[in-house]
Amino acid sequence: MANSTVVAKLLIVDDHPLFRQGVRWALSHESGIQIVGETANGEEALRWLAQVDPNLEPNVVLVDLNLPSMSGLELTRQIRRQYASIAVVMLSMHENDEAAFNALRAGAAAYRSKDIKPAALADIIRRVARGEYVINDVLMEEPRIAGRILSQFRNLPEVQTLADDLGIQIFTPLSEREIEVLERIAAGSSNKEIADALGISTQTVKNHISSILRKLSLNDRTQAVIFALRRGWIETPQEIQPGSAEE
């Protein structure tokens with residue numbers, strides 16, 4: 001195995017033995033990843049996690065969306081409830097906004113279709129093992145998808161309790177520039193696009209995002225956008241006119 005320094009310890013959960021074998025083979029030459037186990041369904045995965053040797057405890061679980069019996073979404077919810085330190089990467093036969101929305105609600109840190117290239121999957125696994133929330137890449141790269149998902153979240157009763165659940169100070173102020181950055185994120189802009197639109201560097205954009213997350217005690221951009229939408233701090237993505245700052 002090429003892993004000199006293991007970043008991610010991975011459990012694979014998929015009901016197709018050939019697919020599990022393919023993932024093992026595809027990731028065998030990727031640095032920073034150690035496959036510690038595999039199971040064929042959600043129930044088996046939970047049993048495996050409950051009795052695994054601490055030295056082999058995973059920090060990432062690769063979950064098929066369409067598992068038999070217990071669905072990938074339900075397994076994700078159970079994992080996030082019982083094992084807060086484990087990140088879930090969800091794979092599906094098809095990548096679409098409805099599935100991405102459901103994966104986000106269930107607590108997945110990443111969502112991709114099964115036609116993803118091995119190197120890209122390896123990168124995602126390493127990133128979520130470091131605590132990143134890679135599902136943002138899917139939600140925020142495509143404004144149409146971002147708009148639909150974020151607008152649905154705005155109408156979810158359970159989102160109203162997000163602040164209470166996370167112990168957030170509801171009236172924590174954000175600067176005018178931080179609000180501008182959040183609006184651009186909600187509209188689907190990348191860090192570079194935000195930087196170009198606001199006439200600042202990409203590093204400054206990253207600094208603003210870090211400041212926003214710190215002030216709101218949140219872990220990722222999506223939660224910050226949802227939090228701001230719920231409180232009316234930013235406009236919905238449909239109301240933002242792309243390119244308005246450049247005019």
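Biologist: Hi! Is Arg126 buried or exposed?
Modeller: Arg126 counts as buried, because its relative accessibility is 15%; buried means under 20% relative accessible area, exposed over 50%, and partly exposed in between, with a 1.4 Å probe and protein chains only. This is a predicted model, where local features need pLDDT of at least 70, side-chain atom pairs count only at pLDDT 80 or more, and totals for chains, interfaces and linings use all residues. Residues are numbered from 1 along each chain as its sequence is written, and side-chain values use heavy atoms, with hydrogens and water left out.

Biologist: Where is Arg126, and what does Arg126 touch?
Modeller: Arg126 is in helix H5, residues 118-129 (helices are DSSP runs of H or I with at least four residues, strands are runs of E with at least two, numbered from the N terminus). Arg126 touches Val7, Glu30, Ser31, Gly32 and Ile33, leaving aside residues up to four places away in sequence; contact means heavy atoms within 4.5 Å.

Biologist: Switching to the sheet: what is the strand order?
Modeller: The order is E2-E1-E3-E4-E5, an open sheet with parallel pairing. Two strands pair if DSSP finds at least two bridges between them.

Biologist: Which strands stand at the edges?
Modeller: Strands E2 (33-39) and E5 (110-113) do, each with a single partner strand, so one side of each has no neighbour in the sheet. The twist averages 25° from one strand to the next.

Biologist: How many bridges join E3 to E4?
Modeller: Five, between residues 60-64 and residues 87-92. Asp64 stands opposite Leu91 in E4.

Biologist: And what does helix H1 lie across?
Modeller: Helix H1 (residues 17-27) lies across E1, E2, E3 and E4, at about 175° to E2. Axes are lines fitted to C-alpha atoms, for helices over the stretch in contact, and angles run from 0 to 180 degrees between N-to-C directions.
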